[in-house]
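Hi,

Here is the structure I promised to pass on. Have a look at it first, and then read my notes below.

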Amino acid sequence: EAMAWEYCGSKNRLLGNYLDAINSYIKSSELYRELGVKKREALTYFYLGTTFSANDDNINALKYMWQSIPIFTVMEDSANLSDVFLNIGETYRRINVLDSAEFYFNKALRIKENFDDDLGKLLIIGNIGLVHSAQGKTELAKSEINSAIEVFSKKGDSYLTSYFQSEIADIYVREGEKTTGEKLLLNSLEIARQESLKEQIRDISLKLAVFYEKKSQFDK
């Protein structure tokens, strides 16, 4: 039953049904806790955290991700700890607490250095690039984010390609290269639509709406 609720949570999250996903994960975590299945309990806390983050509830996102850390630490589960630190960093980045974001991204990266996981490292480096972008370290940010885009595009990872491409578009728009920024945003939106990535469709559509508003293209 716990596994079934966890499965429902993961599928609702993919569909963008965040409240249904959250309710399913809560039921799953409660059952895992009663059963003493610590790893699955910790994972459902982590999934709850990332779902709350996707729904822009950063307080609950951090709350549940922090709950998973002691369990993973006791179990010496470094791989999942790295993922938790990465997502804590991402949550701090979204609320513009950049020092904390960079701190947790680097914690995640130090753990990943012990594993043969180049894609995992690149994901973290791409996220560090987003921090550097917000800090005004533009050229460094471009290099880090473009490295991520190049590899994830070749690997056929539509979600991460669309995500990082829409983020680097922001840099080009800020620099006045609006045509390039617009093209990247439109391409990112097309990728997201083809793959039915609701979260990305929402976020990129908002970026485009703001972009066209500033250009007084109100119909768009």
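By contact I mean heavy atoms within 4.5 Å. This is a predicted model, where local features need pLDDT of at least 70, side-chain atom pairs count only at pLDDT 80 or more, and totals for chains, interfaces and linings use all residues. Residues are numbered from 1 along each chain as its sequence is written, and side-chain values use heavy atoms, with hydrogens and water left out.

Let's start with Asn127. Leaving out residues up to four places away in sequence, Asn127 touches Leu86, Glu90, Arg93, Phe105, Tyr163 and Phe164. Asn127 sits in helix 7 (residues 118-134); helices are DSSP runs of H or I, at least four residues, numbered from the N terminus. Asn127 counts as buried because its relative accessibility is 5%, and buried means under 20% relative accessible area (1.4 Å probe, protein chains only).

Another asparagine to look at is Asn12, in helix 1 (residues 2-15). Asn12 is buried too, with a relative accessible area of 17%. With residues up to four places away again not counted, Asn12 touches Asn17, Asp20, Ala21 and Ser24.

Then there is a helix pair. Helix 2 (residues 18-35) packs on helix 3 (residues 38-54) at about 160 degrees, their axes 9 Å apart. Axes are lines fitted to C-alpha atoms over the stretch in contact, and angles run from 0 to 180 degrees between N-to-C directions. The two are therefore roughly antiparallel, the word for angles over 145 degrees. Among the residues that meet are Tyr18 and Ile22 from helix 2, and Tyr45 and Leu48 from helix 3.

Cheers

Note on methods:
Buried means under 20% relative accessible area, exposed over 50%, partly exposed in between (1.4 Å probe, protein chains only). Angles under 35 degrees count as roughly parallel, over 145 as roughly antiparallel, 65 to 115 as roughly perpendicular and the rest as oblique.
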